[in-house]
Amino acid sequence: MTQPLTLDELCIHQVCVWKQSSFASSLDSFARHGVTKTALWRPMVEDVGVKRARQILGDSGVAAISMCPLVLLDPDQPLDRASRERRQDAFLADAAELGVESVVVITGGLPPGSKDLAGRRSAVLEELARLIPVAAESGVKLALEPLHPMVCGFRSVISTLAEANDILDALDRDDVIGIAVDSYALWWDPNLQDEIARAGTRLFNFHVSDWLLETHDVRVDRGMSGDGLIDNVLIRSWMAEAGYAGSVEVEILSEHWWLKQTDTVVSTICDRLDRM
């Protein structure tokens with residue numbers, strides 16, 4: 001039987017309170033509620049700058065375990081190869097300066113006008129292969145995050161954990177690159193338990209939220225754990241069986257919860273530990 005989640009095991013992603021908080025006020029709220037770990041949201045870091053963000057983190061008593069998103073091939077920001085590589089390398093350098101353990105990597109979707117899904121997936125493999133030695137030198141690990149198939153065209157051309165595992169098998173650098181399992185993105189997959197077991201020590205991050213019965217937007221209508229269809233407790237048990245001993249990271253992108261006061265969101269998350 002899965003042991004109840006404790007506050008010490010909880011991580012709250014800054015994106016949960018992105019629209020109503022500043023970088024500093026989000027951390028203040030986490031700390032007031034006894035939450036000692038966060039995942040950094042890149043746009044919030046950019047709001048204050050890396051040096052100031054590092055100072056605020058140090059003063060807050062909240063540790064940053066990861067930062068996201070590092071988008072490999074962003075169709076919304078088409079860049080030439082040199083510019084794209086500089087952007088990716090700068091992301092890793094900033095993550096290292098902020099002391100995070102991993103950066104969450106998403107692939108990006110198809111470029112405008114393209115239907116070449118196989119070609120885009122091949123390009124993703126090439127991008128990751130180039131990025132691995134850069135990450136190794138920085139001391140920051142890469143956590144590849146497959147996303148729900150409904151965002152395949154514009155957000156991630158990798159949709160299943162099996163695809164992510166295949167990529168990691170091909171790259172053969174488990175010391176540097178692993179997987180971020182997001183229950184919201186993967187809960188529907190009938191092979192999820194087996195693929196979590198297959199990932200094993202390559203499980204770097206675990207994100208939880210809930211899929212609402214009548215969701216209005218696949219990206220920004222995530223539910224609070226316990227309000228929807230996902231058995232996060234069961235998925236966490238599969239993660240534990242596979243050897244995952246890291247934090248449980250609540251990651252709720254929600255136009256509904258972004259309208260609530262920061263302390264209301266944080267206190268609600270803390271009240272839902274038995275549903276994660």
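1. Ground rules. This is a predicted model, where local features need pLDDT of at least 70 and side-chain atom pairs count only at pLDDT 80 or more, while totals for chains, interfaces and linings use all residues. Residues are numbered from 1 along each chain as its sequence is written, and side-chain values use heavy atoms, with hydrogens and water left out.

2. Largest pocket. A pocket here is an open set of points on a 1 Å grid over the protein atoms alone, with protein on both sides within 12 Å along at least five of seven lines; a lining residue has an atom within 4 Å of a point. The largest one holds about 410 Å³ of space, the volume being what probe spheres set on the points fill, with points joined across faces, edges and corners. Its lining has 20 residues, and Pro43, Pro69, Val71, Asp74 and Arg155 lie nearest the centre.

3. What lines it. At least two lining residues of the largest pocket come from each of helix 2 (42-48), strand 3 (63-71) and helix 4 (81-98). Helices (H or I, at least four residues) and strands (E, at least two) are DSSP runs numbered from the N terminus. By class, the lining of the largest pocket splits into eleven nonpolar, two polar and seven charged residues. For the classes, Ala, Val, Leu, Ile, Met, Phe, Trp, Tyr, Cys and Pro are nonpolar, Asp, Glu, Lys and Arg are charged, and the others, Gly among them, are polar.

4. Second largest pocket. This one has a volume of about 210 Å³. It is lined by 13 residues, with Ile65, Glu101, Ser102, Phe204 and Asn205 closest to its centre. Strand 7 (residues 203-208) gives the largest share of that lining, four residues.

5. Ser102 belongs to strand 4 (residues 102-106). Is Ser102 buried or exposed? It counts as buried because its relative accessibility is 5%, where buried is under 20% relative accessible area, exposed is over 50% and partly exposed is in between (1.4 Å probe, protein chains only). Its side chain makes a polar contact with the side chain of Asn205 at 3.0 Å. A polar contact is a pair of N or O atoms within 3.5 Å; within protein, one must be able to donate a hydrogen and the other to accept it, and residues adjacent in sequence count only if both atoms are side-chain atoms. Not counting residues up to four places away in sequence, Ser102 touches Ile65, Ser66, Met67, Val140, Lys141 and Asn205, contact being heavy atoms within 4.5 Å.

6. The cavity. Searching the whole structure turns up one cavity of 30 Å³ or more; a cavity is a set of grid points where a 1.4 Å probe fits but cannot get out. Of its 18 lining residues, Leu147, Arg155, Arg219, Arg222 and Leu253 lie nearest the centre. Strand 3 and helix 7 (183-186) are the elements giving two or more residues to this lining. Its classes come out as eleven nonpolar, one polar and six charged. Note that Arg155 is also named near the centre of the largest pocket.

7. Aromatics. The whole structure has five aromatic pairs. Among them is Phe206 with Tyr244, edge-to-face at 6.4 Å centre to centre and 80° between the planes. That pair links distant parts of the chain, 38 residues apart: Phe206 sits in strand 7, and Tyr244 in the loop between helix 9 (232-241) and strand 8 (248-250). Rings of Phe, Tyr and Trp (its six-membered ring) pair if their centres lie within 6.5 Å; planes under 30 degrees apart are stacked, over 60 edge-to-face and the rest tilted. Phe206 and Tyr244 are both buried. Trp18, Trp41 and Trp258 are linked into a cluster by ring pairs.

8. Leu171, in helix 6 (residues 161-171), is buried because its relative accessibility is 14%. Leaving aside neighbours within four places in sequence, Leu171 contacts Leu125, Leu128, Ala129, Ile132 and Ile177. Ser26 lies in helix 1 (residues 23-32), and its side chain reaches the backbone oxygen of Phe23 at 2.8 Å.
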